[in-house]
Every structure is written in structure tokens, then in C-alpha cells.
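Dear colleague,

I am passing on a structure for you to look at. Please open it first, and then read the notes that follow it.

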Amino acid sequence: MMDWRQERTARDARLVRARPHADGKIVPSARVVDLLEAILQPGDRVCLEGDNQKQADCLARGLSGCDPARVHDLHMVQSGIVLPEHLDIFEQGIARRLDYSYSGPQGGRIAKMLYGGQIELGAVHTYLELFARYFIDLTPNVALIAGVSADRDGNLYTGPNTEDTPTVVEATAFKNGVVVAQVNEIVDRVPRVDIPGDRVDFVVEADTPFYVEPLFTRDPGAVTETQILMAMMAIKGIYAEYGIRRLNHGIGFGTAAIELLLPTYAERLGLKGQIATHWALNPHPSLIPAIESGWVKQIHCFGSEVGMDKYIRARPDVFFTGSDGSLRSNRAFCQTAGLYACDLFIGSTLQIDLQGHSSTVTTNRVAGFGGAPNMGSDPHGRRHPSDTWMKAGQEAGGTGDPALRRGRKLVVQLVETFGDKLVPAFVERLDALELARKLNLELAPVMVYADDVTHIVTEEGIANLLLCRTLDEREQAIRGVAGYTDVGRGRDHAEVERLRARGIIRRPEDLGIEPLDADRSLLAARSIKDLVHWSGGLYEPPAKFRNW
Amino acid sequence: MEKLSFRHTTRTALPGTRASAITGVVASGNLEVLLERNLAPDACHVEIDTAIKGYAEVWAAVVADFVARRQPGGLTITINDGGARPDTVSLRLAQGARLMELP
């Protein structure tokens, strides 16, 4: 006789062991370690919610406080490795195996631990890829999540930073897993139900509010003239040419400069309503002037941003908000939107090679990916046309019946030829390859693959890789915008001039861009304080950005 | 400190009649460019005073590209550099040439 309910029986046993530490579903923060030791079993797959921004930090401290004799060999499956505790548990022997997406602040330490064999790495995923595996072969046994508030039935309000929570809970709760939520407060009635209570087994009232990282705030005061020049080129040479309405921006200063030029430079070019109307984007403060000037129709968000809550509440026509008025974000849906419903991704990177592969990995850091590889890839599952997508597809060439050709997503790398400390952004060989060799990884961690990149924009010009027909042309197109780096100076000057004559390389002067316009006076806001003014006082920047 | 000097011949004179212009500031990562129209219409001299040694080859390339693209005949260009990146130098030179062309 087959037992078809082994997982359900195991779940019931976990709940029975945990009950003594809870009052109904409510667990005091002092009992977190007891609770986790009761629920967890050696070898469990665990999602300790570490998002791009929101962190289940109280539960992370609790997990790190467990006795490794009782809780060990866990397999962590979570998008973000952000807090020190996320790695402490590997040193302690509580966790052994890791599948993740992003590790920005812990990138250096994770590389050391991988090298030292303290972490058994499954893979570094893109967000959608990891979420997808939650439902196929990386389903969590236990999810430790974070919310703003809960009622005694476990109904959960995640606040504006919903992020990964619905996806994590969906995979865990409906496949015999246990869900534990930490919240900032227990209330009689939550402002809105983001996660229904019957999916949440235990609620811990955290000792401190969960940590949120302000990842998406770029101070306009730090935008340089070179970045303004590049933003003008992107607007005139790409946004206007392809009529890009639906898009996603990366988080660098280059894209912040584009956002700040929409109400000034792009307005002067008569592009209002023609470009940048529909967005998959975190609520970037630098987009406030464009929103206030009527450029933006709507924005769906992966997560929120610190200080933007009041502003978002006051602009429900633009943002997705709940019945309570606050932002509803959702990383899985927004990533899907960015992948299938946007015509352009534009972002920065640290290294680009001669074919156009790009990577943010350096030899000592494994920062992971986050969203860029999903946004920055051409989705072969797309079937709906748009003028932008069709034009790009046409430029990419191809033969046969035009009705059988695909369009192409525009994937643009916006990169200054030299980064910090004169480190060149263009290289013959990516550091990611050396790292893969050192760590014995089967795949080098490439952020955006060469065959997905359509344009590279530097201060020297735009290279349109769609129009290149041979690998040699492609290499010279890349060298031709690589400035005074070794790669740039290694160009074949005659070939680069031929590519320029064919419009594959375009210089600022070819685009009719006035160098004198590359001035900070062109920015719609020149400081964080200007952004506060634009928002009518609704944007409340965190302390570290208040320099007045 | 390093002093560099480049002499170029141009095909044409830079348009405009403005006698001199100045752009930029001497600050870390920035530079000041003084442009004076005081040479024969097919000559351009560039004198550089830079805070950072060892980049003579890059300076030569940046200046040669600027001369080829803008044809700044007739100008003496004096640069006070505070360690600007090549992209900043190129932009500042282009801006200086445009200032000299304006009425």
C-alpha cells in the first residue's frame, strides 16, 4: 500500500513539535530559536527571505542561534544573500548547500567561502529562474518570511515591499511546507491582506522592524557631465529612433541621468508621449520630475524604495496600490513584465568583452545577478508585436517570409569606458572566466550574453550590434566605442570609419548632439532636495541622502 | 606633475572669431581648458600641465582625435589637469571648441 501523504504527515509532526512555543499562531521573539529548532529537520530546504530590499532579519538571527547539533545541513534557497547571518549559518554548520540569485553586499565573503569549500553551491540564478525552480525541484520545506503586520489568524500585510513573499509562500504553503512570518507588529486588523492567514503557520513579533536597503536612490548631485552626454545619446539615438514606450532601467547613474533628462532634453526634442510611458521599475526617486511633468503613464514595481511611500500613495494613477492606498509590489510578476512586456532594457555593467558578453563579477566578488539577466535577454516566448520590437528584428536581418521573422528586444549596455580608479570597462577576457576556473564552476557568471546585447552606449558613441553581420564587424564596433582603453586603442581605424559610414557606430556629432548641452544645468533635478521639491514634499529621503 | 606639448597641423581653421574662451575648473578628476586664437589658421598647439604622470600616450591619442574631429586650426590650447579621465578631457575640449565657434 503506497503512502501518498508522507509530506503532509511530516508537516503535521513539525507543527505538533512547534505548538508549545506558540500562543495560537503567535510566537514571542524570545522563543524564535525554540520554534525553529522544533520545526526544522536536518537537510531541509529553507528559504530565509532575503529579498533585494526587505530582510527577514529577526528570523535570520534566530536561525543563526540554533544548535548545529539539532539543525544542520540545511539547503538554503533564497534570492538574496544580504545579511551577515545568511553566511554565518554556513560557517556554523547549520547550512551546507546554497542556491541563490543576488549577493551584492556579501559578494566578497561569499567568494572566499566558496573558495574555502564552506558553501556547497548549487547555482547562481536569475530571479525568475530561482522562483521557477521553487515549483519544480527546489521547493522549500520551510519558509521564513517578513511582513509589516499580521493579525492573530496570520493574515499578513507585507507593506510596499511585498517583493518575493507571495512567490515563496505559494511554493511552500501549497506543497506541505511550513511558513513562519516575522512582522513588525501584531494588529487586530491588517491594512490589507497580502498573504491570506491560512498560508501562514506562525507569526513572530520581531524585536526590531525588518531591515530595508535603499538600493534605488541615486543622488542627482553626483551625476557627471559624461553621464549627461551618454544619456543624451541614448535618448536621441535609441529611445527616439525606436520609439521606446515600454521599458526597464537599471540602477546606475547613467540611467538616472536619462530619467532626469526626460522633462528637459527629451521634452525639447518633442518626445513627450512618444517614449518612456510604461515602466517595469522600482520607484526610483530620480523619476519623480518625469512623473510630475506628465511623462509617465504607469509603473509596476519589483519592490518599493525607502522614502517613496507617501509619494506613491498620492499617485495611484501611476503606481499599483492596494485598497489601503500603499504600493503593492511583486518581484515575480514585475520580472515577468520586464521580460515579456517591455521593449527595452538598459543598464550598466563592469566588464564587456570583445564579443559583447558582460559581467559584474570581478576576481574577488561573486555579486550574483538579480534582475538584469531576465530583463536583459530576448524572450523567445514573446509573440505580440510592437513597432520597437519589429524594427529591431528587422535590423537584425534574417531571410525568408517577413511574417515568420521574430522581433527583437532592445538590450542596451550604458557604460563609461573607464570605471572607478581608471579601471577599463572593456576587456579582452572577462574576470568571470578566471573566477569560474578558480571555483570550478561549470558556467562562468555572465550577466548579459553577447547574443542578447543590441547596443552599447559609451561617451564615445553608440555601437548598434544588430546591424553587424560578422564577428569581425561586431568586434570592431565594440572597439570603436571603447574609448582610450587598450581595447579601444586596439581598433582598426579604417574599419571603424566604414562602420560609422554604415551607421553601425554613431558619434555624438553624428547624432547632432551639442557638447555644450552636456552640462548639469540640463538635469531636471540637481540634488536630492530638488527631488523633494518636485514631489511637493511627499518624497522623504532617508537620512544618509539628506545633506542639507 | 608632468608637462606635455603637442603640435598639430589642421586642414582648416576653426570657424568663428572669438579670441579666447575658458571652460572647466582645476579640481580632482576635472580640468581647465584655455583656448586662444593666436596661431596660423592651419596650426594647433596643445600645452598640458597634468597632476598625474605616465599617461603621455593617452594624452597624445586624445589630442590627436580631437584635432581630427574638430579641426581647431589657429588655436593655442592650454590645459591645467587635475587628473581627469580621458572622456572628461575629450568632452571639455569639444566644449571649448564650440565656445570658440559661437558668436
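In chain A, 31 residues of domain 1 are in contact with 32 residues of domain 2, where two residues count as in contact if their C-beta atoms, placed from the backbone, lie within 7 Å. This is a predicted model, in which local features need pLDDT of at least 70 and side-chain atom pairs count only at pLDDT 80 or more, while totals for chains, interfaces and linings use all residues. Residues are numbered from 1 along each chain as its sequence is written, and chains are lettered from A and ligands numbered from 1 in the order in which they are written.

On the side of domain 1 of chain A that touches domain 2 of chain A, at least two residues each come from β5 (95–102), α5 (107–115), α6 (127–134) and α7 (165–173) of chain A; helices (H or I, at least four residues) and strands (E, at least two) are DSSP runs, numbered from the N terminus. The largest share of that side, 6 residues, is supplied by α5(A).

As for the domains themselves, domain 1 of chain A covers 24–212 and domain 2 covers 220–531, with bounds from an automatic or database domain assignment. Their centres, taken over C-alpha atoms, are separated by 32 Å.

Helix α3 (residues 57–64) of chain A packs with helix α4 (residues 84–91) of chain A at an angle of about 15°, their axes being 9 Å apart; axes are lines fitted to C-alpha atoms, for helices over the stretch in contact, and angles run from 0 to 180 degrees between N-to-C directions. The contact includes A:A60 and A:R61 of α3(A), and A:E85 and A:H86 of α4(A).

Best wishes
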